[in-house]
Structures are given as structure tokens and as C-alpha cells.
Amino acid sequence: YGTVTGVQTCALPICALAASLIEKDDIVFINSGTTTTQVIRHTRADPSIALFTNNLSGALEAGEPVFQYYLVGGEFQPRSNSLAGRFAMENLGQVYATKCILGVDGISARHGCTVPSNAEAEVMRQMIKHTKGEIIIVADHSKWGMVSNFQIAAIEEIDKLVTDAEFDRAAVELLESRGVQILVTSTSLANT
């Protein structure tokens, strides 16, 4: 695996596939993280698309975006290069998104989707609460069975999981049985 701005290149097909789910006129919440930064980077040029995020790295990666890009404001979180806290929560509370694309640190059948920071978890839960459409998780196979400190969603709250071909087959069946649509990248690791 090589890296592109801190993302393993094997994750790039996941990011591109997730970005392809963003359609004309979508309003999309995207959280912070290396994977979601690459989703932002792969978002197609369309001025009708609006991305709302707490992801400062994404703002730098987007450069001069040809879609609408909104930083939600809030207190700087140096560990995740993101924004959180009361201002972020209040600003997110004024928007209703058509889709929400979230990167997580762990996915487990019992504990759902988790992240290490409470401040980030609060922002992500607010994003989910204010999404009238699909909740989409982006995570490679290494995140399955991992549990971090704070839950952001139960499995039943997820609509789609975008992942790679190495994701555990039994886990795919379990998630599908609980209503999650699994989207697997068609690009093999040899092609990344």
C-alpha cells in the first residue's frame, strides 16, 4: 500500500465509490477523517451540490471546489483537524441534508459505528439526526469488529456501507440481514 495525504491507496476506490453516490442537488453532511477527506476530493464538479462538513483537511484538499462547500464552524479539534462543540452543533441544527457520508474507526454488530472522540461523535450524531435521506458509512475491511470509545449509530441506523472486497463475507451477510446495503469497490488492490 502507498499513501496519498495519509490515506492508504487501497482506500481510494472506496472514497471514489462513495463520492459517486452524491447526485445533483444533494446537500451532504461529511465528517472529518482521512477517508472522508478523499470523498470530498473525489466529489464531482457540480455547483448544485452542497457539502457541509467539520473537516478542515477536506477544505484544504478541495482547493477551489466547483461545488458549494460549507465549514460548520466550532472549536478546533487538533487531533482530528476538525471542528466541534456548540457552534458546530447549532449550525448543523439549521440544515437538513439529503445524504450523510461518515467515516468511522470501528463497526461492530453489537456496538454499531464508533469513533474515539466524544466531540466528533456528537457532531456525527447531529449530522445523522438532520439527514432526511441515506446514512452512508465508508470503511475498509479492517474496521469490522473494531470498537472505539463513542457510538455514533447502531447498525439499524445505517443505510449503506461502502467498503472493499476484503470485507468479511459473514459480516456482509449479517449487515444485509439488518437492512444495510453493502457497496463493494470493483477495483482490486492490484489496480490501486
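**Helix contacts, sheet and loops**

Mentor: Gladly! In this predicted model, Leu-12, Cys-15, Ala-16, Ala-18 and Ala-19 of α1 are in contact with Thr-35, Gln-38, Val-39 and His-42 of α2.

Trainee: How do the residues of that contact divide into nonpolar, polar and charged?

Mentor: On the α1 side we have Leu-12, Cys-15, Ala-16, Ala-18 and Ala-19, and α2 brings Thr-35, Gln-38, Val-39 and His-42. Sorted by type, the contact holds no charged residues, 3 polar and 6 nonpolar.

Trainee: Is α1 parallel, perpendicular or oblique to α2?

Mentor: Two packed helices are described by the angle between their axes and the distance between the axes. Here the axes of α1 (residues 12-20) and α2 (residues 34-42) come within 8 Å and cross at roughly 55 degrees. Roughly parallel would need an angle under 35 degrees and roughly perpendicular one from 65 to 115, so α1 is to α2 oblique.

Trainee: Moving to the open sheet, which strands are its edge strands?

Mentor: The sheet has 7 strands with parallel pairing, in the order β5-β4-β3-β8-β11-β13-β14. An edge strand pairs on one side only, and here that applies to β5 (68-71) and β14 (181-184).

Trainee: By how many degrees are neighbouring strands of this sheet turned against each other on average?

Mentor: The value ignores strand direction and is an average over neighbours in the sheet. It comes to 20 degrees.

Trainee: In β4, which residue is the bridge partner of Ile-27?

Mentor: Strands β3 (residues 27-30) and β4 (residues 50-53) run parallel and are joined by 4 bridges. Within β4, the partner of Ile-27 is Ala-50.

Trainee: Where is Asp-25 found?

Mentor: Most residues other than glycine have a negative phi. Asp-25 is not a glycine, yet its phi is positive, at about 70 degrees. Its place is the loop between α1 and β3.

Trainee: Does Asn-81 count as buried, partly exposed or exposed, and what is its relative accessibility?

Mentor: Asn-81 also has a positive phi, near 50 degrees, and lies in the loop between β6 (75-77) and β7 (82-84). Buried means under 20% and exposed over 50%, so Asn-81 counts as partly exposed, with a relative accessibility of 24%.

Key
Residues numbered from 1 in each chain as written. Predicted model: local features only at pLDDT ≥ 70, side-chain atom pairs only at ≥ 80, totals over all residues. Heavy atoms only, no water. Pairing = 2+ DSSP bridges. Helix = DSSP H or I, 4+ residues; strand = E, 2+ residues; numbered from the N terminus. Axes fitted to C-alpha atoms, helices over the stretch in contact; angles between N-to-C directions. Parallel < 35°, antiparallel > 145°, perpendicular 65-115°, else oblique. Contact = heavy atoms within 4.5 Å. Nonpolar A, V, L, I, M, F, W, Y, C, P; charged D, E, K, R; others polar. Buried < 20%, exposed > 50% of the residue type's maximum accessible area, 1.4 Å probe, protein only.
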